[in-house]
Amino acid sequence: MSSPAGTILVTGWPLLPEAEQLLRDRGFRVLVTDPSPDRAALVSRLRETSPDAIIVRTGVIDRASLEAAPGVKAIANHGAGYDDIDVAEASRRGIPVFAAPGRNAISVAEHVFALLLAVRKSLPEHDRLVRNGGWRPASPQTAELHSATMGIVGLGAIGERVALLAEAFGMSTLAHDPGRIRPWPDRIESCPTLDELLERSDVVSLHVPLTPATENLIDSRRLGLMKPSSILINAARGGVVDEAALAHAVESGHLFGAGLDTFDREPPGAEAAVCRNPRIVLSPHVAGVTPQSALRMSMSCAENLCGFLLEGRCSADLVNPDWQQTTA
């Protein structure tokens with residue numbers, strides 16, 4: 001059954017109803033894959049549905065995916081990070097790719113502080129102690145955040161929101177982001193190098209995409225630069241941190257602890273080194289998963305696809321401005 005405006009395939013889970021209704025009102029047929037499709041299932045579904053556009057919630061959109069759906073005219077990612085999309089291949093085929101930067105900034109920033117407080121106040125350990133019949137330990141492992149220094153790696157929408165929360169806790173803020181285009185906020189000190197930021201910060205929070213340049217950005221050498229008893233928080237992408245080196249840094253006592261919402265392999269599995277230390281607090285890649293952020297991201301995807309497919313407009317969410325300069 002055809003639709004006047006075309007077919008949009010959503011991978012993983014449905015859009016929020018408001019966004020799906022917007023697409024249907026504009027004449028699109030909206031289809032959804034099974035949750036968390038593997039590569040083979042996704043390729044099969046793309047070949048079966050022949051969509052005009054894809055909204056990516058889970059799954060990998062690579063060359064095989066795009067070969068299975070030669071009619072795809074645009075891709076929208078349901079989130080800020082788009083490392084599951086082969087953007088270079090999309091550009092080669094003349095397909096614009098849209099992300100949803102900033103729509104989950106509030107949710108992620110709040111989650112950063114949930115992880116940070118859990119680590120700094122030793123909440124998981126204290127929770128287990130009380131549940132097991134114990135009480136206050138002889139030397140409670142807790143401290144204030146007030147007057148500590150927050151180092152932010154990547155000063156986009158999420159990084160700026162983290163800085164606001166840090167200031168509310170009475171922390172000073174540094175940031176390192178050589179690629180930032182927008183004016184630098186006066187209230188945040190610009191740190192010229194990542195190494196300097198690591199050396200000066202009591203807490204380091206990562207907010208960079210996973211690219212060849214950022215893979216294992218925080219490795220054993222850079223972990224060694226961090227202050228003794230400092231804390232690392234990663235709610236960006238798992239591959240940005242060398243997890244084995246991080247586990248060793250915490251186990252050795254060099255770092256007080258860490259909070260991770262993302263992992264190099266997801267799920268990491270109980271055997272992963274970061275899963276064996278109680279001073280590493282973990283969450284299952286849910287920092288940006290709230291009803292409020294989901295609605296903003298769903299609407300962003302719907303609006304970007306309507307704007308491009310119906311009116312030929314590319315919003316500021318376009319991540320491959322060279323898409324028109326290449327041909328398959």
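**Chat about a pocket, a helix and a strand**

User: Which residues lie nearest the centre of the second largest pocket?

Analyst: V241, E243, A244, D264 and R265 do, out of 14 residues lining the second largest pocket. On a 1 Å grid over the protein atoms alone, a pocket is an open set of points where a 1.4 Å probe fits, with protein on both sides within 12 Å along at least five of seven lines, and lining residues have an atom within 4 Å of a point. By the way, this is a predicted model, where local features need pLDDT of at least 70 and side-chain atom pairs count only at pLDDT 80 or more, while totals for chains, interfaces and linings use all residues. Residues are numbered from 1 along each chain as its sequence is written, and side-chain values use heavy atoms, without hydrogens and water.

User: What's the lining of the second largest pocket made of, nonpolar, polar or charged?

Analyst: Six nonpolar, three polar and five charged residues.

User: OK, helix α1. Which residues are buried there?

Analyst: A19, E20 and L23, in residues 17–25. They're on the same side of α1, because they cover an arc of only 100° around the axis. P17 and D25, on the other side, are exposed. Buried means under 20% relative accessible area, exposed over 50% (1.4 Å probe, protein chains only).

User: And what do the buried residues of α1 pack against?

Analyst: β1 (6–11), β2 (28–32), β3 (53–56) and α11 (291–311).

User: How many residues of strand β11 are buried?

Analyst: Six of the six (residues 255–260), so β11 is largely enclosed by the rest of the structure.

Conventions
Helices (H or I, at least four residues) and strands (E, at least two) are DSSP runs, numbered from the N terminus. The arc is that of the directions from the helix axis to the C-beta atoms. Contact means heavy atoms within 4.5 Å. Ala, Val, Leu, Ile, Met, Phe, Trp, Tyr, Cys and Pro count as nonpolar, Asp, Glu, Lys and Arg as charged, and the others, Gly among them, as polar.
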